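Trainee: Before we use any label here, I would like to see what stands behind it.
Mentor: Then ask for the criterion each time.

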Amino acid sequence: MIVAIALILYALTVGILGIPLLLRAQWPERVPLLGVLAWQILSVSMLGAFLLAGFSVAVPAAAFSVDLADLLHACVKAMRARHAGPGVAAVQFFGVTVVIGLLGRVSYLFVQGLRAGRRARSDHLAEVRMLAQPDKRLGALVFDHPSAAAYCLPGRCATVVLTSGAVVALNEKELQAVIAHERAHLRGRHHLVLAAADALARTLLFLPNLSRARAEQARLLEMMADDAAARSSGRLTVARALVRLAEVSIPAAALGASNVASFARMQRLLEPSQPVCFARRTVIALALILTACVPLLIALVPVFADARLGLCPFPMM
């Protein structure tokens with residue numbers, strides 16, 4: 001039970017203190033890929049802590065050994081005897097319920113989100129194809145509309161969609177930058193990242209700060225696509241294209257070049273910060289790895305404790 005409490009406290013600490021710290025950090029905008037990974041690791045780490053808390057209650061101790069089966073059997077038997085007590089069955093049932101409930105909910109919400117998004121994109125694509133003409137030169141569907149808009153519809157029929165207003169408003173370099181931006185979204189399958197973030201946030205509703213994770217990941221994914229476009233077209237060209245597209249909304253299920261944090265992205269493109277040095281990237285990566293490992297290390301404390309007591313002798317011990 002102590003391990004479960006420690007895991008829950010860890011998850012709450014990450015949610016209450018870790019997320020605000022990451023929100024205030026400047027480095028994710030300078031290294032958006034690492035920023036997206038940081039948000040994913042924090043979110044998954046919190047979910048993992050709650051899952052391991054439930055598992056540690058359901059299975060108070062488990063044996064990990066690379067020795068013979070009889071040693072493993074004796075180890076498990078000794079550890080179960082040590083942790084047995086009145087009411088254990090009820091507590092273990094509660095732990096199993098927590099694990100199954102959390103895993104079931106996050107899986108259901110993830111699949112549901114993917115299916116809803118796929119339906120919305122499929123319906124919208126069918127409507128667009130009735131009005132649009134494929135442009136082989138641009139590799140996109142272009143439909144007649146005076147507003148300048150550009151977005152992509154990810155999935156099996158990954159498609160870049162432009163309005164005729166965008167084709168008229170953007171010069172050739174800006175048009176290619178916008179298309180490169182949308183193709184970066186499609187190559188990176190960014191809709192899957194956002195679906196996972198949404199499922200995690202809706203699973204852990206009691207952690208209000210986690211709702212910011214999806215918004216922040218959406219913002220950083222747009223910056224990643226901006227960087228991909230800037231590598232071929234230049235930062236100034238991408239910024240100019242964003243200005244021309246900034247006033248138009250896009251379908252909810254689509255990913256667009258100008259629908260998220262346009263001002264911050266334009267400022268970032270026009271006033272680039274100094275890149276994060278290799279040493280600092282390494283420190284950040286190590287901190288993220290440690291964050292991901294902490295819940296598992298906490299959960300394994302009883303195993304190491306029992307090993308030291310001689311209940312479960314590891315071969316090297």
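Mentor: Strand 4 (residues 159-163) is mostly covered, with five of its five residues buried. This is a predicted model, in which local features need pLDDT of at least 70, side-chain atom pairs count only at pLDDT 80 or more, and totals for chains, interfaces and linings use all residues. Residues are numbered from 1 along each chain as its sequence is written, and side-chain values use heavy atoms, with hydrogens and water left out.

Trainee: What makes a residue buried or exposed?
Mentor: Buried means under 20% relative accessible area, exposed over 50%, and partly exposed in between (1.4 Å probe, protein chains only). T159, V161 and T163 point one way from strand 4, V160 and L162 the other way, and all are buried.

Trainee: Why are strand 3 and strand 4 said to pair?
Mentor: Pairing needs at least two bridges found by DSSP between two strands. Strand 3 (residues 150-153) has four bridges to strand 4, so the two pair, and they run antiparallel. L153 stands opposite T159.

Trainee: Which way does strand 2 run relative to strand 4?
Mentor: Strand 2 (residues 140-143) runs parallel to strand 4, joined by three bridges. F143 stands opposite T163.

Trainee: Why is helix 3 called roughly antiparallel to helix 9?
Mentor: The axes of helix 3 (residues 32-58) and helix 9 (residues 211-233) cross at roughly 160° and come within 8 Å. Angles under 35 degrees count as roughly parallel, over 145 as roughly antiparallel, 65 to 115 as roughly perpendicular and the rest as oblique. Helix 3 is therefore roughly antiparallel to helix 9.

Terms used. Axes fitted to C-alpha atoms, helices over the stretch in contact; angles between N-to-C directions.
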